[in-house]
Amino acid sequence: MIHARGLTREFKVKKESVQAVRGIDLDVEAGQLVAFLGPNGAGKSTTLRMLTTLLPPTSGTATVAGHDVAREPAAVRARIGYVGQRNSAGEDFLVRDELVTQGRCYGLRTREAAARADELLDLLDLAPLAKRLPGTLSGGQRRRLDIALGLIHRPDLLFLDEPSTGLDPKSRAEIWEHILRLRTTYGTTLFLTTHYLEEADNMAERVVIIDGGRIIADGTAEQLKNDLAGDHIVITTGTAQEAEAAARLGGGTAEGATVRVRVAQATAALPGHLRTLDAAGIKVRTAETVRPTLDDVFLTLTGRSLAHDDVPA
Amino acid sequence: MTTFLHDTATIFNREFRPSLRNPVGLLFDMGQPLLFLFLFGSLLDGAVGSSWQWFVPGILVMMCLTGPMSAGYTLLVELIGGALERLMVTPLNRTAMLVGKTAKAMLTLLVQAVLIIVLALPLGFELHAVGVLAGLVQLVVFGVGLGALSFVLAIKSAPGGTLFYVVSQSVLFPLLLLSGVLLPLETAPAWLRMLGQVNPVTYIVDAQRALFAGDLTAPSVLYGTLAACAVAAIGLLWGNRCLRRGL
């Protein structure tokens, strides 16, 4: 579905060129759900805008839905859907009218576009809002309308730029329900950006991490976590001396009275680890196993945490 | 070509629909030049002794300048809001997008023109139907070009938008004054007349006056048509380029 090679994009900011994307290679097969994860300013949106023909690449090539984004942008556009970061619907236009317009933009006849608009209003639970102006909708409703607009021509590939950002937890869950249903019902290939770690972790079968305009990790969330962060056992002892003794004996690093040790499978390793310490006379007060998060992966890769987002550009 | 027409119609439909929902706004738009015609026209009639024949085409050119500018404003709003981005990801023809968005302003202009002419007739305005029709075609071509240029301005001033207001406000008025729309340039000092001569709007105004007087073969008609076509060509090419280079 997507094959990108050496994709780069430079911007001129006050006569200085800034490299937003520095050579991205990416292959996405049909039917995949890929989460593109990275901090603000990492190049997520710029990459997405190149793949959707909104922005010509400075160098490199990309074939999307079987066509080259630079040479055959119209063919790419006809085959993909795009849900941008901002509001897709214009403020002056009724919800249903915008859907019909969108259908006509993809070459549907007015009647076909109207039928398809009604179908999508039902699919995304927007039917009661058909005659409303976008400004009167809630954040979650607006987002569903954005998705409906992206689906009007039944694309095989849908790009979503931060689909759930700024929504309350209930609306986020609803949006995800709709996104996942698209996949199970129509087999739509989904490529989305997010900076919510837990979303990428729970929903996507493949996570691509981007930082500073480069892809720095790519795999399933499980793989990334096992390979790049790993499980940890965390114990606390009575004193710092005991903690150091525990670290010498069982590995890991002591910090105050706490010891962190990386192991392959923390839940399986914990009983044995405790027995070893116990046999050496070290009194363990608390013990827990910690599964890594994608943030730990990012931390391992970059030395920064994704959770505290704002990275200087 | 069929896609172009289909796409232009799509965008025109989209832009026009809200006006149908709220026809009061449309009436105000269309009635606006009447105020100019009666208040300013009567004033001028006494002051410079110019006839309605001279004044009516001028009013139309003025309307033709402000309409496309407001089309640029709507584009700016959609550019900042995200709706334009959504339209740009569809296979919609880019030129059709520019033309369709100006088309509403042009339709308004045509209705305004009919209204003004009908009302000016009893005041002594002499109707030369062929000339007026030719004049309106010329204005539509000019207006489409201006619309495209105002879209360029809108795109260049995103995401802030301040540039749009600053430039459109400071360009529109001198452009109008220096074209002889409101007051004749013949009595102006030489340096002002020279500025008028580099102003494309001057040629349009002269051509319109000739056409509305029924003088289809006047040289000014040719110059005006050239100016209108040049503005349209530059506007559409530049607008297309801006859209292609990414928003």
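Of the 313 residues of chain A, 43% count as buried. The model is a predicted one. The secondary structure of chain A consists of eleven helices and 14 strands, and the C-alpha trace spans about 80 × 45 × 35 Å along its principal axes.

**Exercise 1.** Find the order of the strands in the open sheet of four strands in chain A, and state how they pair.

*Solution.* Step 1: strands of a sheet pair through backbone hydrogen bonds, either parallel or antiparallel. Step 2: reading across the sheet gives β12-β13-β11-β14 of chain A, with antiparallel pairing. Step 3: β12 (253–255) and β14 (284–290) of chain A each pair on one side only, which makes them the edge strands. Step 4: neighbouring strands of this sheet are turned by 20° against each other on average, direction ignored.

**Exercise 2.** Describe the pairing of β11 and β13 of chain A, and name the residue opposite His232(A).

*Solution.* Step 1: β11 covers residues 231–237 of chain A and β13 covers residues 258–263. Step 2: the two strands pair in the antiparallel sense over six bridges. Step 3: opposite His232(A) stands Arg262(A) in β13(A). Step 4: helix α10 (residues 266–279) of chain A lies across β11, β13 and β14, and runs at about 160° to β14(A).

**Exercise 3.** Locate Arg154(A) and decide whether this residue is buried or exposed.

*Solution.* Step 1: Arg154(A) is in the loop between α5 (139–151) and β7 (157–161) of chain A. Step 3: Arg154(A) has 12 C-beta neighbours inside 10 Å, so Arg154(A) counts as exposed.

Terms used:
Residues numbered from 1 in each chain as written. Chains lettered and ligands numbered in written order. Predicted model: local features only at pLDDT ≥ 70, side-chain atom pairs only at ≥ 80, totals over all residues. Pairing = 2+ DSSP bridges. Axes fitted to C-alpha atoms, helices over the stretch in contact; angles between N-to-C directions. Contact = placed C-beta atoms within 7 Å. Buried ≥ 20, exposed ≤ 12 C-beta atoms within 10 Å, placed from the backbone.
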